[in-house]
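User: I have some questions about how the terms are applied to this model. Please take them one at a time.

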Amino acid sequence: MSSKKNLQRSSTRAVNYATSPLLASKTPNWRSRFVVALVGLGFAGLLGRAAYVQIIGASFFQMQGEKRYAHTLDVPASRGRILDRNGLLLATSVPAPSVWAIPKDFEATAEQKRQMLRLIGMDAKEFDARMASGSSNFAWIKRQVDADAWAQIKALGIKGLYETREYKRRYPEGESAAHVVGFTNIEDKGQEGIELGFQKELQGKDGSRGVVKDRLGRVVEDLGASVDPANGRDIQLAIDSKVQFFAYQRVRDAVAEHRAKAGSVVVLDVQTGEILALANYPSYDPAERSHLSGAQVRNRALTDVFEPGSTMKPLVIGWALETGRVKIDTPIVTAPGSLVVGGVAIKDAHTHPLLTVQEVIQKSSNIGAARIALQMQPRELWELFSNVGYGQKPQINFPGAVTGRLRPYKSWRPIEQATMAYGYGLSASLLQMAHAYTAFANDGEVIPISIMRQDQHGPGLRVFSVNTAREVRKMLQMAAGPGGTGPKAQTIGYSVGGKSGTAHKQEGKGYASNKYRSWFVGLAPIDKPRIIVAVMVDEPTNGGYYGGDVAAPVFSQVVQQTLRMLGVPPDLDVKPQVVAKALPPVHESF
């Protein structure tokens with residue numbers, strides 16, 4: 001009975017449910033069709049999107065996908081080497097690890113971090129700044145670290161720390177060749193010297209490699225063919241690293257001995273026009289440049305210009321001989337020790353009532369040189385100076401070589417013409433002064449000079465006849481001998497000739513009374529010159545300042561060592577130093 005009642009109740013509820021007004025109402029046809037249409041449009045949209053992704057925009061989406069895992073890595077080209085004339089290394093590239101991190105994955109204990117910072121030479125503050133400066137997926141920590149340091153860092157097992165291979169420059173000759181070779185920056189781009197001047201030839205062309213990387217940046221697979229890098233071209237210089245090193249040592253010692261500000265030495269090969277040495281002090285280590293100053297980086301032999309002083313006198317005398325105005329024994333009146341030109345008095349360091357032309361060079365007489373120069377037309381002197389390279393930029397493909405100053409002759413006053421005869425009123429670099437003396441060393445012909453290795457020089461320009469050049473060489477030998485201004489230039493076993501010079505340094509619109517530049521420019525051996533050596537010492541302050549006392553000894557040492565290295569046989573059997581002591585040196589006028 002009970003079960004029957006329950007069944008009736010259930011039936012009643014079912015009937016009531018089925019007969020619900022809401023459920024019993026008839027649904028309009030348009031509603032169901034609308035729902036079906038919406039579902040159909042949804043599927044159509046999905047099909048359209050799928051067709052767009054798979055067919056129409058397939059290349060775009062494929063490229064976007066590949067960006068997540070496919071990468072093109074640069075394969076760096078090895079920078080070309082810089083070699084000296086004998087094939088010895090002046091600069092080369094070696095592999096160096098560069099350390100980077102994924103900041104979001106970086107994990108290290110305090111001890112691991114301390115050890116890592118010690119090995120890379122960085123404090124915690126700098127490290128934190130580097131980690132914060134990059135993205136969450138990449139930050140440079142230290143580039144071009146030592147291989148041993150990276151090996152120890154790697155052994156620490158720090159998570160999120162990685163390395164990539166780059167190239168780092170090495171400079172075996174260090175300070176001695178720094179101003180010639182120069183250096184590169186962290187991106188391996190030349191910044192100074194040959195590294196800068198031959199950047200295009202040295203840099204080469206990087207290759208490329210397609211790879212697949214995982215989320216940690218590790219290469220897991222290669223993609224496609226790789227492009228091999230084209231390494232940079234080697235550059236061979238005319239520089240002889242042994243001559244360069246010796247010249248650097250001698251000028252460094254001279255600067256220290258005379259408490260000078262700086263010094264330079266230039267050595268030229270007369271036969272080929274090659275620059276065998278281009279040394280400067282102070283210098284720097286190209287591999288360690290954290291505390292560089294402008295004074296250290298400056299290649300003074302090329303960039304510093306100054307009034308060449310008495311080294312100009314042989315040029316003026318040579319032209320007077322060439323044009324027949326004088327002969328070597330022509331007397332020149334130098335009394336009473338002063339010559340007034342345009343209201344300005346020209347004086348000699350020592351009074352001589354009368355000097356022959358060759359004695360004007362030997363005794364370095366300003367008055368004698370001025371009197372001879374005033375016999376010439378301004379245009380003659382201007383052309384002479386221009387022909388030997390003054391006022392012209394040296395064509396040596398080296399950055400920083402300066403032109404100097406040689407004013408147009410039409411603006412010269414008589415006093416300016418007179419003072420130019422002994423080197424005031426124009427300016428030149430030490431390299432230009434050495435180049436000018438090729439006119440005497442090459443029997444009257446000025447030859448082009450080169451920083452690059454070459455077997456012979458290019459076409460020269462004849463300035464003097466052979467006879468005139470040889471006569472001037474004999475005068476230069478007298479100037480560097482007993483009774484001359486530079487007996488300290490004499491060298492054991494070799495005959496030498498040259499001219500000392502001393503000049504007040506320009507300061508503002510005038511000249512400093514107690515600041516000097518001292519130099520000596522000469523050649524050896526006399527009868528058949530092989531080298532020209534030019535020496536400059538800037539602001540000697542330890543007593544002496546005359547070029548014959550300060551620069552001539554450096555010239556002597558460099559000449560002797562260089563000629564021996566070149567295998568030039570001695571042309572003297574006696575020690576000229578013994579003869580030089582017989583008479584005290586005569587100081588040049590300035």
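Analyst: This is a predicted model. Start with S264, which lies in strand β9, residues 262-269.

User: Why is S264 called buried?

Analyst: Buried means under 20% relative accessible area. S264 has 0% relative accessibility, so S264 counts as buried.

User: What makes the link between the side chains of S264 and N280 a polar contact?

Analyst: The cut-off for a pair of N or O atoms is within 3.5 Å. The side chains of S264 and N280 are joined at 2.7 Å.

User: Which residues is S264 in contact with, leaving aside its neighbours within four places in sequence?

Analyst: The residues are V251, A279, N280, R300, A301, L430, A534, V535 and M536. Contact here means heavy atoms within 4.5 Å.

User: Now strand β17. What makes it largely enclosed by the rest of the structure?

Analyst: Strand β17 covers residues 497-507. Eight of its eleven residues are buried, so β17 is largely enclosed.

User: How do you know that β17 and β18 pair?

Analyst: Pairing needs at least two bridges. Ten bridges join β17 to β18, residues 510-524, and the two strands run antiparallel. They therefore meet the definition of a pair.

User: What lies between β17 and β18 in their hairpin?

Analyst: Two residues lie between them. G508, in the turn, has a positive phi of about 70°.

User: And how much of the chain counts as buried?

Analyst: Of its 590 residues, 48% count as buried.

Notes: Residues numbered from 1 in each chain as written. Predicted model: local features only at pLDDT ≥ 70, side-chain atom pairs only at ≥ 80, totals over all residues. Heavy atoms only, no water. Buried < 20%, exposed > 50% of the residue type's maximum accessible area, 1.4 Å probe, protein only. Helix = DSSP H or I, 4+ residues; strand = E, 2+ residues; numbered from the N terminus. Polar contact = N/O pair within 3.5 Å; in protein donor to acceptor, adjacent residues only side chain to side chain.
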